[in-house]
Amino acid sequence: EQPSWGYSKANGPYTWVSHFPIAQGSRQSPVDLRSSDTRFDAKLQPLNYHYMPTSSRILNNNGFSFKLSFDDSSDPCVLSGGPLDGHFRMNQLHMHWGCDEHAGSEHSVDGNTYAAELHMVHWNSSKYSNMQQAVAQPDGLAVIGVFIQVGAEHKELKKITDLLPMITQQDSKIELSGLNPLLLLPCSPAYWTYLGSLTTPPLYESVTWIVMKEPLSISSQQLEAIQSLYSLRSGKHERLLNNYRPPQLLAGREIRASFK
Ligand SMILES: O=C1NC(=O)[C@@H](c2ccccc2)S1
Ligand SMILES: [Zn+2]
């Protein structure tokens with residue numbers, strides 16, 4: 001049967017290896033982005049986004065998060081440049097968070113974690129024909145990670161956080177059009193990149209990670225809207241305590257920085 005993984009003690013990240021042995025692989029994510037493990041790479045190109053406002057649907061998907069799905073058949077949001085070969089189409093974006101504003105991100109920077117982390121998931125449309133085909137390939141995915149901290153309200157993310165109270169139940173969904181993913185990126189182009197994996201089961205080692213250095217700010221009310229999503233997954237009605245995987249071993253991988 002489909003193993004019901006989650007983030008509780010009984011089915012959380014430390015138990016995933018029983019159904020998904022790759023959890024102990026050598027290319028797992030997230031990782032702690034330690035300055036001692038990163039190297040400036042002058043050959044890294046700038047990231048190139050061909051993003052425009054697009055229609056999408058917000059879904060309270062696996063009961064642990066919400067995701068904004070994009071219709072990647074019509075005029076897609078495409079990412080290229082940076083460490084990438086070819087172009088990658090955005091398939092969905094989602095977040096990971098915790099129950100307090102100092103923990104919730106998946107990646108960390110010299111051990112420091114943020115309130116949440118936004119993931120923009122893209123698949124390699126130069127080589128594969130859809131997300132399902134690409135998701136298990138070593139060069140199949142590119143995920144942009146953006147750290148989120150509490151501060152000023154974020155206008156574009158407000159289009160999402162304002163709708164979350166309407167999809168607190170699992171599998172509920174709502175249309176959202178006109179979101180501009182470009183506005184979900186920080187001003188600074190600085191990023192780290194390394195080869196890693198999905199951070200949820202099936203944990204495929206198929207992701208070229210691009211983690212932006214500069215965090216976004218959202219208001220405490222916006223963070224509360226995110227933390228108010230319920231999960232029915234565990235049968236009972238409980239608040240999502242957290243949905244972030246702890247850092248994994250770098251196992252000799254190098255992390256390249258686009259900045260000095
Ligand atoms: O960065 C990641 N975050 C997640 O929830 C993982 C995932 C798993 C399946 C599809 C898309 C993303 S990979
Ligand atoms: Zn994610």
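Me: Before I start, what counts as a strand here?
Reply: Strands are DSSP runs of E with at least two residues, and they are numbered from the N terminus. The model is a predicted one.

Me: OK. Which strand is H119 in?
Reply: H119 lies in strand β9, which covers residues 116-124.

Me: Is H119 buried or exposed?
Reply: H119 counts as buried because its relative accessibility is 1%, and the cut-off for buried is under 20%.

Me: Which side chains make polar contacts with the side chain of H119?
Reply: One is the side chain of H96, at 3.1 Å. Another is the side chain of E117, and that polar contact is 2.7 Å.

Me: And what does H119 touch, leaving out residues up to four places away in sequence?
Reply: The list is Q92, L93, H94, H96, E106, V143, I144, G145, T199 and W209.

Me: On to the metal. Which residues coordinate the zinc ion?
Reply: H94 and H96 each use NE2, while H119 uses ND1. The distance is 2.0 Å. The zinc ion is ligand 2.

Me: How are those donors spaced along the chain?
Reply: The spacing is H-x1-H-x22-H.

Me: What is the geometry of the zinc site?
Reply: The site is tetrahedral, with four donor atoms and angles of 99 to 121 degrees among them. It gets that label because four donors count as tetrahedral if all angles lie between 85 and 135 degrees.

Me: What about H94 and H96, buried or exposed?
Reply: H94 is buried, and H96 is buried too.

Me: There is also a ligand 1. Which residues surround it?
Reply: Ligand 1 has Q92, H94, H96, H119, M131, V143, L198, T199, T200 and W209 around it.

Me: How much of ligand 1 does the protein cover?
Reply: On its own, ligand 1 has 330 Å² of accessible area, and the protein covers 84% of that.

Me: Back to I144, from the H119 contacts. Where is I144?
Reply: I144 is in strand β10, residues 141-150. I144 is buried because its relative accessible area is 0%.

Me: What else is I144 in contact with?
Reply: Leaving aside neighbours within four places in sequence, its contacts include Y49, Y51, L79, L185, I210 and M212. L118, H119, M120 and H122 are also among them.

Me: How far is I144 from N60?
Reply: The two are 84 residues apart in sequence and 21 Å apart in space, C-alpha to C-alpha.

Me: New topic. Where is S219?
Reply: S219 is in the loop between β14 (216-218) and α3. It is buried, since its relative accessible area is 7%. Beyond residues up to four places away in sequence, S219 touches V150, G151, A152, E153 and H154.

Me: And which helix holds E224?
Reply: E224 is found in helix α3, residues 220-227.

Me: Why is E224 called partly exposed?
Reply: Because its relative accessibility is 48%, which falls between under 20% for buried and over 50% for exposed.

Me: How far apart are E224 and T161?
Reply: Their C-alpha atoms are separated by 9.0 Å, and the residues are 63 apart along the chain.

Notes: Residues numbered from 1 in each chain as written. Chains lettered and ligands numbered in written order. Predicted model: local features only at pLDDT ≥ 70, side-chain atom pairs only at ≥ 80, totals over all residues. Heavy atoms only, no water. Donors = N, O, S within 2.8 Å, 3.2 Å for Na, K, Ca; no water. Tetrahedral: all angles 85-135°; square planar, octahedral: opposite > 155°, others 65-115°. Buried < 20%, exposed > 50% of the residue type's maximum accessible area, 1.4 Å probe, protein only. Helix = DSSP H or I, 4+ residues; strand = E, 2+ residues; numbered from the N terminus. Polar contact = N/O pair within 3.5 Å; in protein donor to acceptor, adjacent residues only side chain to side chain. Contact = heavy atoms within 4.5 Å. Near = heavy atom within 4 Å. Areas by Shrake-Rupley, 256 points an atom, 1.4 Å probe, with all protein chains shown as cover.
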